[in-house]
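I opened the model to go through its helices and a few single residues. My notes follow in the order I looked things up.

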Amino acid sequence: MSDKKGSNEKYRVPEHVAIILDGNGRWAQKRHMPRNFGHKAGADNLEQVIEDAWDLGIKYLTVYAFSTENWKRSVEEVTGLMTILRDFLRKSIDKSMKNNMRVRVLGRRDRLDNDIVKAIEDLEETTKNNTGIQFNVALNYGGRDEITRAVQSIAEDVRNGKLDTSDITEELISSRLDTADIPDPDLLIRTSGELRISNFLPWQISYSEFYFCDTLWPDFDKEALKKAIDYYNGRDRRFGGV
């Protein structure tokens, strides 16, 4: 990446990259292994990609780890995913402090077990003053649910006289989302060949560039991330202008 930046001063590294981590199950099936084998490989790969993102100059990385719809999967798979999550959270405090990484978790927590919620709270509190890459995990997250919760919060303030309807702006709505104080993604990546956003950050990605690749998530590496950034550099970002 440094060579390319040296040869082209206009080469842009996106400040905020969002990734839909897709293809863990198919990666496992290709190896005749259970789906949770793929989810574990995907979690291990995520740890490396976070380091790669920071090394490349990305300041915010947001990943779609578990959606509000993923509860529909088999009990065995959901249980396995929660086990992997517990292990990931347990290891994250030490790694985050070592790497100066701040962690935030997006999504609702009411369906998560108490020990997971406690681990999330501890991780966020411990890393809140770190100044390196900010890693955001969308967990039990749905974009429509996020917007609904924001609207409910605003409606409650209007009902209580704290806000007038004329106070409701795009900026106010953004401030009530899980991503408050986080810049919108510049680049959205989805692995495994699927071409949809699956209810991920619908408000925030209004002007994001989309990059889809066939690589299954456990195989997505630093070179794959560089290719996505190269694609991003080929886009003309006009934000509705000419």
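This is a predicted model: local features need pLDDT of at least 70, side-chain atom pairs count only at pLDDT 80 or more; totals for chains, interfaces and linings use all residues.

Residues are numbered from 1 along each chain as its sequence is written, and side-chain values use heavy atoms, with hydrogens and water left out.

**Entry 1: H4 and H5**

I took helices (H or I, at least four residues) and strands (E, at least two) as DSSP runs, numbered from the N terminus. The axes of H4 and helix H5 (residues 114-127) come within 10 Å and cross at roughly 20°. That makes H4 roughly parallel to H5. For axes I used lines fitted to C-alpha atoms, for helices over the stretch in contact, with angles from 0 to 180 degrees between N-to-C directions. Angles under 35 degrees count as roughly parallel, over 145 as roughly antiparallel, 65 to 115 as roughly perpendicular and the rest as oblique.

I then listed contacts, meaning heavy atoms within 4.5 Å. On the H4 side the residues that meet H5 include Met 82, Leu 85, Leu 89 and Ile 93. Their counterparts in H5 include Ile 116, Ala 119, Ile 120 and Leu 123.

I looked at helix H3 (residues 35-56) against helix H4 (residues 75-98): the axes come within 10 Å and cross at roughly 20°. H3 is therefore roughly parallel to H4. H3 passes H4 in a right-handed crossing. Among the H3 residues that meet H4 are Arg 35, His 39, Ala 43 and Leu 46, and H4 brings residues including Glu 77, Leu 81, Ile 84 and Phe 88.

H3 also packs with H8, at an angle of about 45° and with the axes 10 Å apart. The two helices H3 and H8 are therefore oblique to each other. Their crossing is right-handed. Here Asp 52, Ala 53, Asp 55 and Leu 56 in H3 meet Lys 222, Leu 225, Lys 226 and Ile 229 in H8.

**Entry 2: H8 by itself**

Helix H8 (residues 222-233) has twelve residues and reaches 17 Å from first C-alpha to last, close to the 16 Å expected at 1.5 Å a residue. The expected span is 1.5 Å times one less than the number of residues. I noted Ala 224, Leu 225, Lys 226, Ala 228, Ile 229, Tyr 232 and Asn 233 as the buried residues of H8; buried means under 20% relative accessible area, exposed over 50%, and partly exposed in between (1.4 Å probe, protein chains only). H3, E5 and E6 are included in what covers them.

**Entry 3: H6**

Helix H6 (residues 143-159) has 17 residues and reaches 24 Å from its first C-alpha to its last, close to the 24 Å expected at 1.5 Å a residue. Its buried residues include Ala 150 and Ile 154, and also Asp 145, Glu 146 and Asp 157. Strand E4 (134-141) and helix H7 (170-175) are among what covers the buried residues. Just after H6, Gly 161 takes a positive phi of about 80°.

**Entry 4: His 16**

I found His 16 in strand E1 (residues 16-20). What does the side chain of His 16 make a polar contact with at 2.7 Å? The partner is the side chain of Thr 62. A polar contact is a pair of N or O atoms within 3.5 Å; within protein, one must be able to donate a hydrogen and the other to accept it, and residues adjacent in sequence count only if both atoms are side-chain atoms. The His 16 side chain also reaches the backbone oxygen of Pro 183 at 2.5 Å. His 16 is buried, with a relative accessible area of 2%.

Most residues other than glycine have a negative phi. I noted Asn 199 with phi near 65° and Leu 201 with phi near 50°. Asn 199 sits in the loop between strand E5 (187-190) and strand E6 (209-212), and Leu 201 lies in the loop between E5 and E6. Asn 199 is buried at 19% relative accessible area, and Leu 201 is buried at 1%.

Technical notes. A crossing is left-handed if the near helix is turned anticlockwise from the far one by less than a right angle, and right-handed if clockwise.
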